[in-house]
Amino acid sequence: MKNNFEFKNPTQLIFGKGTIAQLAKELPKNEKILVTYGGGSVKQNGVYEQVCHALKGFNYVEFWGIEPNPTVETLRKAIDLGKRENITYILAVGGGSVIDGTKLISSAIPYDGDAWELVLKPSKIGKMIPFASVITLPATGSEMNCGAVISNAEKQEKYAFYSSYPQFSILDPATTFSLPDFQIACGIADTFIHVLEQYLTVTEESALMDRWSEGIMQTLIELAPQIKTNKTNYEAMAEFMLCATMALNGFTAMGVTEDWATHLIGHEITALHGITHGQTLVIVILGTMKVMKEQKKEKILQFGARVFHISEGTEEQRMDKTIAACEQFFRSIGLATKLSELNIGKETITTIKERFIKRNTRLGERGNIDGNVTEEILIACL
């Protein structure tokens, strides 16, 4: 372990069948609670009924409608409700987007200004309303981290936002059984690429972090066909759900150099076209690996050898085989791997390039992915 680091994760995980009932004992009794939801799928899969049963006797109000890639326009409505109702605690019930949105709501209810100001300048965050979560869509790891991603629909912008951790999160794998196949595929991809963003950088920084990351990715590769065959396979979905949490709760990032260029480029595609986050990551990570191949050479070779068991050929051939194997994995779970498959072309690439040049954006583990390199990456994604 070469690099110094600090680590703290205060979130309590409550994992397994029937654990939503534990809300009754984990939630504080004398608080005014705001329960945040997405579009209503929790009413179809039984989660809403379980939550309502657990909340009997609690003082709470509900807010519905937090969308995928939560927008500040929607969240302002929840914030206004929270202010009017003098909310002192929040429970997020849904996927990562509901939890992401709740993190901004938590920060903005006590704030006097507009919520978007906090996204642009998190240093303005003062007091925060404590919150917890019930996660129903494994993907973002938001149930055990302090990060979020918030969109501004009017400005067609999307930014990462950091505030506070959930006090506790309930993970019942049975809540995932009714998810659409596409959402599951995007969740698997999102989890896999969260790990890659922390792994595909520099060699020999931490043997433990490398093996931990490789283990998560190998587990996902093994689980994906099982889940595709039977998404009500409790054991497989439980392993996937825990993979998603462990991929972005800080455990694989201790003391290692991180990248995150793929995420930040992907955010721009989502902001401009509304494409699901996990799907954008699949396309961009392949372009990033191709364009930054020489810089990431040693780690791509290690990735190929340890995760995809690629050991034959020259270094160049092994890197190409690794990128191809990665692409095949994403295709096997039903996702597109090229921008052209989503009818996204050079106009979008130019827009993103110009945005990054205007912002003087520098991404990647060496800070050398600017607007021009981003253009190269996205052209490689066509």
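V35 stands opposite L91 in strand 4, where strands are DSSP runs of E of at least two residues and helices are runs of H or I of at least four residues, both numbered from the N terminus. The structure is a predicted model, in which local features require a pLDDT of at least 70 and side-chain atom pairs count only at pLDDT 80 or more, whereas totals for chains, interfaces and linings use all residues. Residues are numbered from 1 along each chain as its sequence is written, and side-chain values use heavy atoms, with hydrogens and water left out.

Strand 2 and strand 4 pair in the parallel sense over four bridges; two strands are taken to pair if DSSP finds at least two bridges between them. Strand 4 comprises residues 89-95, and seven of its seven residues are buried, so this strand is largely enclosed by the rest of the structure. Buried denotes under 20% relative accessible area, exposed over 50%, and partly exposed the range in between, with a 1.4 Å probe and protein chains only. Strand 4 is also joined to strand 5 by six bridges, the two strands running parallel. Within strand 5, S133 is the bridge partner of A92.

These pairings belong to an open sheet of six strands in the order 1-8-5-4-2-3, with parallel pairing. Strand 1 and strand 3 form the edges, each pairing on one side only. From one strand to the next, the twist averages 20 degrees; axes are lines fitted to C-alpha atoms, for helices over the stretch in contact, and angles between N-to-C directions run from 0 to 180 degrees. In a regular strand, the side chains alternate between the two faces of the sheet.

Strand 2 (residues 32-36) pairs with strand 3 in the parallel sense over five bridges, and K32 stands opposite N59 of strand 3. Helix 3 packs on the sheet, touching strand 2 and strand 3, and its direction makes about 160 degrees with that of strand 3; contact here means heavy atoms within 4.5 Å. Helix 8 (residues 234-247) lies across strand 1, strand 5 (131-137) and strand 8 (168-171), running at about 170 degrees to strand 1.

Most residues other than glycine have a negative phi. N69 is placed in the loop between strand 3 (59-63) and helix 3 (72-84), and counts as buried at 15% relative accessibility. E204 lies in the loop between helix 6 (181-199) and helix 7 (207-229), and is exposed, with a relative accessible area of 62%.

F5 is found in the segment before strand 1 (12-15) and is partly exposed, with a relative accessible area of 41%.

E298, in helix 11 (residues 297-307), is partly exposed at a relative accessible area of 46%. E298 and E315 are 17 residues apart in sequence, with a C-alpha to C-alpha distance of 9.2 Å.
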